[in-house]
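Visitor: I've got a model to look at and a few things to ask about it. Could you walk me through it?

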Amino acid sequence: MFEITCGKCGAPIYSGVDLKPAKDMLKLVSNRCKKCGALLSDQDFIVEVKPLQT
Ligand SMILES: [Zn+2]
């Protein structure tokens, strides 16, 4: 599974099992971090890929 986290506060913005283009995922949250309200551009977030735990 993978996760996109806010580059400013580290809050998880989106996580899921389907890897989608980052821009599409940012669109889902209107390019905003729900926690700190930062407007995120392509460089302002971190994509982390995590192994699925079973
Ligand atoms: Zn944030």
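Guide: Helices (H or I, at least four residues) and strands (E, at least two) are DSSP runs here, numbered from the N terminus. This is a predicted model, where local features need pLDDT of at least 70 and side-chain atom pairs count only at pLDDT 80 or more, while totals for chains, interfaces and linings use all residues. Residues are numbered from 1 along each chain as its sequence is written.

Visitor: What is the strand order in the open sheet?

Guide: Two strands count as paired if DSSP finds at least two bridges between them. β1 is joined to β2 by 4 bridges and to β3 by 5 bridges, running antiparallel. β2 (12-16) and β3 are the edge strands, each pairing on one side only. That gives the order β2-β1-β3.

Visitor: Which residue is the bridge partner of Phe2 in β3?

Guide: In general, strands of a sheet pair through backbone hydrogen bonds, either parallel or antiparallel. β1 and β3 run antiparallel. Across from Phe2, the partner in β3 is Val49.

Visitor: And in β2, which residue does Ile4 stand opposite?

Guide: β1 and β2 are antiparallel as well, and they form a hairpin with 5 residues between them, where Gly10 in the turn has a positive phi of about 85 degrees. Thr5 has Pro12 as its bridge partner in β2. For Ile4, the residue opposite is Tyr14.

Visitor: How many residues make up the largest nonpolar core?

Guide: A nonpolar core is a set of buried Ala, Val, Leu, Ile, Met, Phe, Trp, Tyr and Cys residues joined through C-beta atoms within 7 Å. Buried means that 20 or more other C-beta atoms lie within 10 Å of a residue's own, exposed means 12 or fewer, and partly exposed is in between, with C-beta atoms placed from the backbone. Among the members are Ile4, Met25, Leu26 and Phe45.

Visitor: Is Cys33 buried or exposed?

Guide: Cys33 is in the loop between α1 and β3. Contact here means C-beta atoms, placed from the backbone, within 7 Å; leaving aside neighbours within four places in sequence, Cys33 is in contact with Cys6, Lys8, Cys9, Ala11, Ile13, Ala38 and Leu40. Because it has 23 other C-beta atoms within 10 Å, Cys33 is buried.

Visitor: How far apart in space are Cys33 and Cys9, C-alpha to C-alpha?

Guide: Cys9 is one of the contacts of Cys33. In sequence they are 24 residues apart. In space, C-alpha to C-alpha, the separation is 8.7 Å.

Visitor: What is the phi of Asn31 near?

Guide: Most residues other than glycine have a negative phi. Ser30, in the loop between α1 and β3, has a positive phi near 55 degrees, and Ser30 is exposed, with 9 other C-beta atoms within 10 Å. Asn31 is in that loop too, and Asn31 is partly exposed, with 17 other C-beta atoms within 10 Å. Its phi is also positive, near 60 degrees.

Visitor: What separates the C-alpha atoms of Asp44 and Ser30?

Guide: Asp44 counts as partly exposed, with 14 C-beta neighbours inside 10 Å. Leaving aside neighbours within four places in sequence, Asp44 is in contact with Gly7, Lys8 and Ala38. Asp44 and Ser30 are 14 residues apart along the chain, and their C-alpha atoms are separated by 14 Å.

Key
Contact = placed C-beta atoms within 7 Å.
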